[in-house]
Amino acid sequence: MDSVDFDALEHQARAKMPAASFAFCAAGADDEISVAENISGWRNLRLRPRVLRDVEDIDTSVTLLGQKLPTPIMVAPTGRHKLFNREGEAATARGAAAAGAPYVMASNSNILIEDVAAERKTAPQWFQLYYWPNRAEVEALIDRLAAAGFGALVLTVDAPVAGWSPRAAREQHEPSPDILNINMPGSPMARTAYHPDFAGKVMFPATWRELEWLVKRSPMPVLVKGVLRTDDAVACAEHGARAIIVSNHGGRHLDTTVTTAAAVGEIAAALSGQAEVYVDGGIRRGTDILKALALGARAVLIGRPIIWGLTMNGADGVRDVLEHLRVELVRAMQLTGTRSLAEAMPDLLAPN
Ligand SMILES: Cc1cc2nc3c(=O)[nH]c(=O)nc-3n(C[C@H](O)[C@H](O)[C@H](O)COP(=O)(O)O)c2cc1C
């Protein structure tokens with residue numbers, strides 16, 4: 001990576017990848033209002049720095065699901081990485097491991113679960129699950145993930161049907177026998193979800209009943225991704241979810257949702273420790289991360305920038321994106337007199 005500026009990195013990645021791959025990566029639903037607002041949501045929050053603190057030693061470490069990690073920055077689940085790099089998710093997993101960041105592998109990955117597991121170092125790998133209609137297939141997958149050492153299941157609940165992205169629908173990537181959703185039943189060729197064939201079909205029919213079943217059946221902790229309301233978040237915790245990921249799926253399915261920056265604070269307050277709270281969507285700066293933590297999130301997930309790094313420089317590009325965010329987080333903490341993540345409290349932000 002010859003640029004650490006994310007706008008420049010996105011431009012470089014766009015120039016390097018096929019137009020259809022970029023459309024898939026950048027896509028948002030409908031008018032892409034949530035894509036833009038996810039970013040501006042963080043940028044519009046104002047910091048109230050503390051001064052005259054000793055900021056020589058900054059501690060960015062955090063404990064997630066009982067495991068101590070160097071930073072609160074994780075890799076969000078994004079699918080079809082062979083569209084961006086020949087090594088696919090193996091490169092992503094290696095880059096995340098090099099940075100000590102948890103990697104959430106997507107259901108729609110193009111590399112076998114066991115080959116991704118082989119890249120693991122100290123940071124955990126978690127698996128993002130879409131709940132398929134056939135329970136036996138879900139059970140077989142859970143057992144395979146547990147055997148491969150995955151540390152948690154992340155159930156995505158915000159896309160029972162696919163949304164519609166005019167941008168991605170206009171520029172569909174060609175299905176290719178080299179790019180399979182290899183861990184899904186039947187290992188189908190990867191296709192975009194923004195295709196008339198899928199419109200209106202309930203592809204992932206999870207309800208509260210399935211969440212309850214999953215929590216009982218899974219030997220791994222279950223997390224729920226895609227929650228934007230306090231009542232849902234509390235119900236997830238009551239059904240046994242160990243963490244809630246406040247997310248609108250990067251604005252890819254339902255447009256004009258509340259931003260994650262606006263939702264995370266009240267959700268963290270309502271849960272008050274019943275479950276851990278993580279957040280994603282539009283996080284592009286160390287200051288964004290600090291704001292998320294001040295609002296009560298324990299960690300953040302990064303989506304599209306990871307793909308830009310993967311496109312430019314494979315595993316090293318992924319590691320560089322994560323390292324860049326860590327450096328920015330440290331600087332933001334120093335400039336606000338925040339010595340550890342425990343000191344990132346709501347009073348760091350101006351009331352809006
Ligand atoms: C190309 C792409 C594919 C994605 N695929 C999935 C997926 O398969 N499952 C899922 O839960 N979220 C998926 N997401 C959403 C991300 O996990 C995450 O919520 C979002 O990208 C965060 O926003 P950001 O890209 O602005 O950082 C995808 C996002 C992108 C950009």
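This is a predicted model: local features need pLDDT of at least 70, side-chain atom pairs count only at pLDDT 80 or more; totals for chains, interfaces and linings use all residues.
Visitor: Why are helices H3 and H10 called oblique to each other?

Guide: The axes of H3, residues 33–43, and H10, residues 260–271, cross at roughly 60° and come within 8 Å of each other. Angles under 35 degrees count as roughly parallel and those from 65 to 115 as roughly perpendicular, and H3 and H10 are therefore oblique to each other.

Visitor: Which residues of H3 and H10 meet?

Guide: From H3, Asn38, Gly41 and Trp42 meet Thr260, Ala261 and Ala262 of H10; by class, this contact of H3 with H10 has three polar and three nonpolar residues, and no charged ones.

Visitor: How many helices and strands does the protein have, and why is the protein called as compact as a globular protein of its length?

Guide: The protein has twelve helices and ten strands. Its radius of gyration is 19 Å, whereas the globule rule gives 20 Å for 352 residues, and because the two values are close, the protein is as compact as a globular protein of that length.

Visitor: What percentage of the residues of the protein count as buried?

Guide: Of the 352 residues, 52% count as buried, the criterion being 20 or more other C-beta atoms within 10 Å of a residue's own.

Technical notes: Residues are numbered from 1 along each chain as its sequence is written. Axes are lines fitted to C-alpha atoms, for helices over the stretch in contact, and angles run from 0 to 180 degrees between N-to-C directions. Helices (H or I, at least four residues) and strands (E, at least two) are DSSP runs, numbered from the N terminus. Angles under 35 degrees count as roughly parallel, over 145 as roughly antiparallel, 65 to 115 as roughly perpendicular and the rest as oblique. Two residues are in contact if their C-beta atoms, placed from the backbone, lie within 7 Å. Ala, Val, Leu, Ile, Met, Phe, Trp, Tyr, Cys and Pro count as nonpolar, Asp, Glu, Lys and Arg as charged, and the others, Gly among them, as polar. The radius of gyration is taken over C-alpha atoms; the globule rule is 2.2 Å times the number of residues to the power 0.38. A residue is buried if 20 or more other C-beta atoms lie within 10 Å of its own, exposed if 12 or fewer, and partly exposed in between; C-beta atoms are placed from the backbone.
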